[in-house]
Amino acid sequence: MFESDGEGVTPFDMTIQCIRNVYTSKIISSDRDLLSVVFYGTEKNKNAADFKHIYVLQDLDNPGAKRVLELDQYRGDEGHALFRETFGHNADYSLGEALWACSNLFSDVRVRLSHKRIMLFTNEDDPHANDSAKAKLARTRAGDLRDTGIILDLMHLKKPGGFDISLFYRDIINTAEDEDLGIQPEESGKLEHLMKKVRAKETKKRTVARLNLYLNKDLSLSVGVYNLVRKAYKPYPVKLYRETNEPVKTKTRMFNGKTGSLLLPSDTKRAQMYGNRQIVLEKEETEEIKRFDSPGLFLIGFKPLSMLKQHHHIKPSQFIYPEESLVSGSTTLFNALLMKCLEKEVMALCRYTTRRNTPPRFVALVPQEEEVDEQKVQIAPPGFHIIFLPYADDKRNVDFTEKVPASQEQVDKMKEIIQKLRFKYRPDSFENPVLQQHFRNLEALALDMMEPEQAEDLTMPKAEEMNRRLGNLVEEFKQLVYPPDYNPDGKAVKRKQASDGQTEKRPKVEISKDELRSHVQKGTLGKLTVPVLKDACRFFGLKGGGKKQELMDALTEYFSEQ
């Protein structure tokens, strides 16, 4: 583990750097996860069962800056020397006892864990070649881990002559039930490759919901719903008490404005303005209004895939996959439906209710066939994409003004430019530069770094590469479109509009007075947008304030007086 591969990087350095990267990513993405670091093959020992040559460096706990700084001590030549001085080396270890020590760490945790995983970093493909008793014990312990639901993954590193899994580890490691990654046959010689393997193992596929897909009243199957895309946000700041730095808990209480007495939840009611009247609702009535239907996907019918247009996109899609654990036979029925939809090139239209208190949506279930690469590794799973379809209210009729149409020669030249600049977009190739820099700044503060690492902005266009690809096409396009004396760098001269006299500029009102009066009488002013209401108030010389309710009240009062 401490011998260099000729490039100056030892397997131990790669392992420490990999663990460090996992710690820093967990601090950002899921700081409630529990992690631990255990060394085996050391001279000194420290563990609950007092096994020899096994040292628990860090117990199972949340990742933090102190743990990262502790790992940094063992990087590089100075770190190797500190490791030898602090822990020492001894090859007379037992892998079975090391696995037992890791199992004890899980047992000591009082909170319930959703999944347990041990990642074994090693470049020794046959650790107990001369001791069959220790080899048998290791296999037994690995079987015990499997029985208790602990997943054991092998992160094997490069060694001279190659790493042969079949000698020992093929019988040791196991995978989770929902994974089909299998054993990684290729050892890791680079940190990037090792990190890729670790990320693949640590990423847990979590369902957003488990629902029934109802084909009719008497026939249904169970599916799991997954989010394929989720927007990343900056984490919310945590308020701390100034003197102790402990998190502060906030409590909200309601008081009577006149008497100052504390109000209980049963003392308050909710009201909704409708037709200039205040409709008072009890708490039970409010909750009942929110309940639309029982959760699930309800099949309406089938339509050709060609009827789904790009402009129907309103939000990122979700993905469904059968859940055999809830309804037996779901996988068989799901596959039959998927195969038929692929064969006939149709999509299923459904009414989709995620939870009891969410309004139903019309969705299209678009079938996706399984894709595998040359090594028969799955790239895309089989299943249905849930495409959210727009309501009539989501679509607008936009009036386009007539412009001077481009000539066919200009269109052809622009097509050439677009063709030269085309590239295959992949979301994982572009990181949000603002988020990345934010997390690097936090990392620098937590780890007492002199200055934060600068994040590379991958969203910036590569001007030199674009110019090299295009050549003279841009200049040719300019000659076709712009007049000979046109200077794009020059300042544009504003044209003065001729007018007989100065007229007062009045706000543009997109709705007539009669329509406004009709909305006021029907109590449907709330359907109009705030800009329209503001323009109407300015047009009639009303002071309505900035809030929508104030604007509505001003217009309602104005039309009531007439």
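Buried means under 20% relative accessible area, exposed means over 50%, and partly exposed lies in between, using a 1.4 Å probe and protein chains only. By that rule, N276 is exposed because its relative accessible area is 54%. This is a predicted model, in which local features need pLDDT of at least 70, side-chain atom pairs count only at pLDDT 80 or more, and totals for chains, interfaces and linings use all residues. Residues are numbered from 1 along each chain as its sequence is written, and side-chain values use heavy atoms, with hydrogens and water left out. Helices (H or I, at least four residues) and strands (E, at least two) are DSSP runs, numbered from the N terminus.

**Barrel and its helix**

- A barrel is closed by 7 strands, in the order β5-β6-β12-β17-β14-β13-β11, with mixed pairing. Two strands pair if DSSP finds at least two bridges between them.
- From one strand to the next, the twist averages 40 degrees.
- Strands β5 (residues 209-214) and β6 (residues 220-227) run antiparallel and are joined by 6 bridges. L213 has L221 of β6 as its bridge partner.
- Helix α8 (residues 330-344) lies across β5, β6, β11 (296-304), β12 (318-322), β13 (346-353), β14 (361-368) and β17 (383-388). Its angle to β17 is about 70 degrees. Axes are lines fitted to C-alpha atoms, for helices over the stretch in contact, and angles run from 0 to 180 degrees between N-to-C directions.

**Nonpolar cores**

- A nonpolar core is a set of buried Ala, Val, Leu, Ile, Met, Phe, Trp, Tyr and Cys residues joined through side-chain atoms within 4.5 Å.
- The largest such core has 27 residues. Those with the most contacts inside it are L95, I118, L152, L154, F168, Y169 and I172.
- Two or more residues each come from β2 (54-61), α4 (95-107), β3 (116-122), α5 (132-147) and β4 (150-156). Helix α4 gives the most, with 7 residues.
- Another core, of 21 residues, lies apart from the largest one. Its members include L221, I320, A348 and Y352.
- L154 is in contact with L120, T122, F163, I165, Y169 and I173, leaving aside neighbours within four places in sequence. Contact means heavy atoms within 4.5 Å.
- Strand β3 is mostly covered, with 5 of its 7 residues buried. β3 pairs with β4 in the parallel sense over 7 bridges. F121 has M155 of β4 as its bridge partner.

**Helix packing and a buried lysine**

- Helix α13 (residues 513-522) packs on helix α15 (residues 548-561) at about 100 degrees, with the axes 10 Å apart. That makes α13 roughly perpendicular to α15; angles under 35 degrees count as roughly parallel, over 145 as roughly antiparallel, 65 to 115 as roughly perpendicular and the rest as oblique.
- K513, L516, R517 and V520 of α13 meet L555, T556, Y558 and F559 of α15.
- K413 lies in helix α9 (residues 408-420). K413 is buried, at 14% relative accessible area.
- K413 touches L473, E476, F477 and L480, not counting residues up to four places away in sequence.

**Positive phi in loops**

- Most residues other than glycine have a negative phi.
- N276 has a positive phi, near 65 degrees. N276 lies in the loop between β9 (270-274) and β10 (277-281).
- E345 also has a positive phi, near 55 degrees. E345 sits in the loop between α8 and β13, and counts as exposed at 56% relative accessibility.
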